[in-house]
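Subject: Structure handover

Hello,

Here is the structure for you to look through. Please open it first, then read my notes below.

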Amino acid sequence: MKIPFNKPSAVGAELANIADALARGHLSGDGYYTKRCHDWLEQQLGCRRALLTHSCTGALEMAAILCNLTPGDEVIMPSYTFVSTANAFVLRGAVPVFVDIRADTLNLDERLIEAAITPRTRAIAVVHYAGVACEMDAIMAIARRHGLLVVEDAAQALLATYKNRNLGTIGQLGCISFHETKNLLSGEGGALLVNDERFVARAEIIREKGTNRSTFLRGEIDKYSWVDVGSSYLPSELNAAFLEAQFTHSGVVIARRRAVWRRYYDGLGELAAAGLLELPRRSYEDRRPNGHLFYVLTDTLATRSALAAQLKARDILAVWHYVPLHSSPAGRKLGRASGSMQVTDDISERLLRLPIYYSISDAEVDSVIDAVRGYYKARA
């Protein structure tokens with residue numbers, strides 16, 4: 001493809017950092033660069049503790065363990081999300097309870113949450129789709145009324161905010177992704193953000209295979225041993241070295257993503273005004289997205305397929321997103337839907353994501369815009 005959907009980029013000293021990590025002689029987890037990444041996340045986001053993981057999936061699994069779930073417990077979440085959001089809790093024996101999304105943000109509809117709560121509900125897992133915040137004040141109030149934990153799947157939402165608070169730092173636990181498709185990346189990678197002091201010590205243990213090795217390495221005990229459940233969630237120091245360079249240039253990267261987002265919005269505004277397609281909301285009073293992805297909503301599934309094919313014929317890769325979890329084979333077997341999933345079903349068939357990445361040029365963005373316009377002109 002001349003214009004791929006995504007193209008990972010080095011933005012600074014990534015290769016020099018990797019060479020330095022090799023020279024330091026520490027390539028496994030929790031070396032010099034991992035600690036620098038922890039410090040950056042804690043200072044920039046304001047969380048109590050940040051712990052790098054090998055993936056956001058790993059961070060979600062750690063969060064599920066920290067929720068202390070037992071078989072049959074329930075976790076409320078959207079169906080329009082990546083499978084890791086559900087898998088993390090299913091692996092603990094919990095049942096995902098799917099709730100519909102809002103048409104304006106594509107996030108969990110907070111107005112439907114309380115109807116989904118049962119005596120077995122233990123947590124709410126929110127997903128900040130496209131780096132746009134959920135209605136966190138309302139969700140946190142519901143959680144407090146019912147004694148529930150809130151886990152933020154902020155995989156797409158690093159450095160996006162809600163009422164000047166960074167996403168991933170509002171619930172008790174937050175999970176970030178550094179997959180190559182994300183704004184800041186390490187190829188594969190993630191982080192668990194611990195915002196409740198009650199979970200800090202245990203999170204370290206779970207991440208270190210259920211041992212108190214972190215305490216030992218700080219010199220607080222004279223030997224370490226197996227004390228809890230856990231697994232190997234640490235990333236390689238090479239991943240952390242790459243990521244630390246990305247962090248250094250985070251402002252430039254996020255600014256560019258937002259600029260590309262605005263260029264798409266402005267370039268396709270005429271089509272939206274004519275009612276030919278729908279665009280995401282441009283701005284909010286109480287939140288600031290991070291430009292993670294740009295999507296359009298076509299009128300039908302057939303139109304989406306035809307538009308994607310037309311773009312592909314011009315060497316432009318545009319892709320749709322999730323098959324709703326509630327309608328997937330595993331979702332029907334392992335979870336259940338609470339109420340109608342009308343918005344989720346509708347959006348999932350009409351949403352098309354356009355190419356967006358740090359190194360995409362304005363000329364390439366304009367080529368995508370022209371191709372979308374050309375499709376609708378020919379259709380008219």
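Does Cys37 count as buried or exposed? At 0% relative accessibility, Cys37 counts as buried. Here buried means under 20% relative accessible area, exposed means over 50%, and partly exposed lies in between (1.4 Å probe, protein chains only).

Some ground rules. This is a predicted model, in which local features need pLDDT of at least 70 and side-chain atom pairs count only at pLDDT 80 or more, while totals for chains, interfaces and linings use all residues. Residues are numbered from 1 along each chain as its sequence is written, and side-chain values use heavy atoms, with hydrogens and water left out.

**Cysteines**

How many disulfides does a search of the whole structure find? The search finds zero. A disulfide is a pair of cysteine sulfur atoms within 2.5 Å. Cys134 is buried, at 1% relative accessibility.

**Cores and a surface patch**

The largest nonpolar core has 47 residues. A nonpolar core is a set of buried Ala, Val, Leu, Ile, Met, Phe, Trp, Tyr and Cys residues joined through side-chain atoms within 4.5 Å. Which of its residues touch the most other members? They are Leu41, Ile124, Met136, Leu158, Phe178 and Phe247.

Leu238 sits in helix H9 (residues 237-248). At 32% relative accessibility, Leu238 is partly exposed. Helices (H or I, at least four residues) and strands (E, at least two) are DSSP runs, numbered from the N terminus.

**Helix H6**

Now look at helix H6, residues 136-146. Its buried residues are Met136, Ile139, Met140, Ile142 and Ala143. They cover an arc of only 155° around the axis, so they are on the same side of H6. The arc is that of the directions from the helix axis to the C-beta atoms. An α-helix has 3.6 residues a turn, so residues three or four places apart point the same way. The face turned away from the buried side carries the exposed residues Arg144 and Arg145.

**Salt bridges**

The structure holds 30 salt bridges. A salt bridge is a side-chain nitrogen of Lys or Arg within 4 Å of a carboxyl oxygen of Asp or Glu.

Arg145 forms one with Glu114, with the closest N and O atoms 3.1 Å apart. Arg145 lies in helix H6 and Glu114 in helix H5 (residues 113-116), so the pair ties together parts that are 31 residues apart in sequence. Arg145 is exposed, at 54% relative accessibility. Glu114 is partly exposed, at 36%.

Glu135 and Arg287 also meet in a salt bridge (2.8 Å, N to O). Glu135 lies in the loop between strand S4 (121-127) and H6, and Arg287 in strand S10 (residues 287-288), so this pair ties together parts that are 152 residues apart in sequence. Both Glu135 and Arg287 are buried.

Glu208 pairs with Lys209, the closest N and O atoms being 3.6 Å apart. Salt bridges that share partners also join Glu42, Arg49, Glu204, Arg218 and Glu220 into one network.

**Backbone and a contact**

Asn68 has a phi near 60°, a positive value in a residue other than glycine. Asn68 lies in the loop between helix H3 (56-66) and strand S2 (74-78). Asn164 has a positive phi too, about 70°, although it is not a glycine. At 75% relative accessibility, Asn164 is exposed.

Last, find Leu66 in helix H3. Leu66 and Ile206 are 140 residues apart in sequence and 8.5 Å apart in space, C-alpha to C-alpha.

Best wishes
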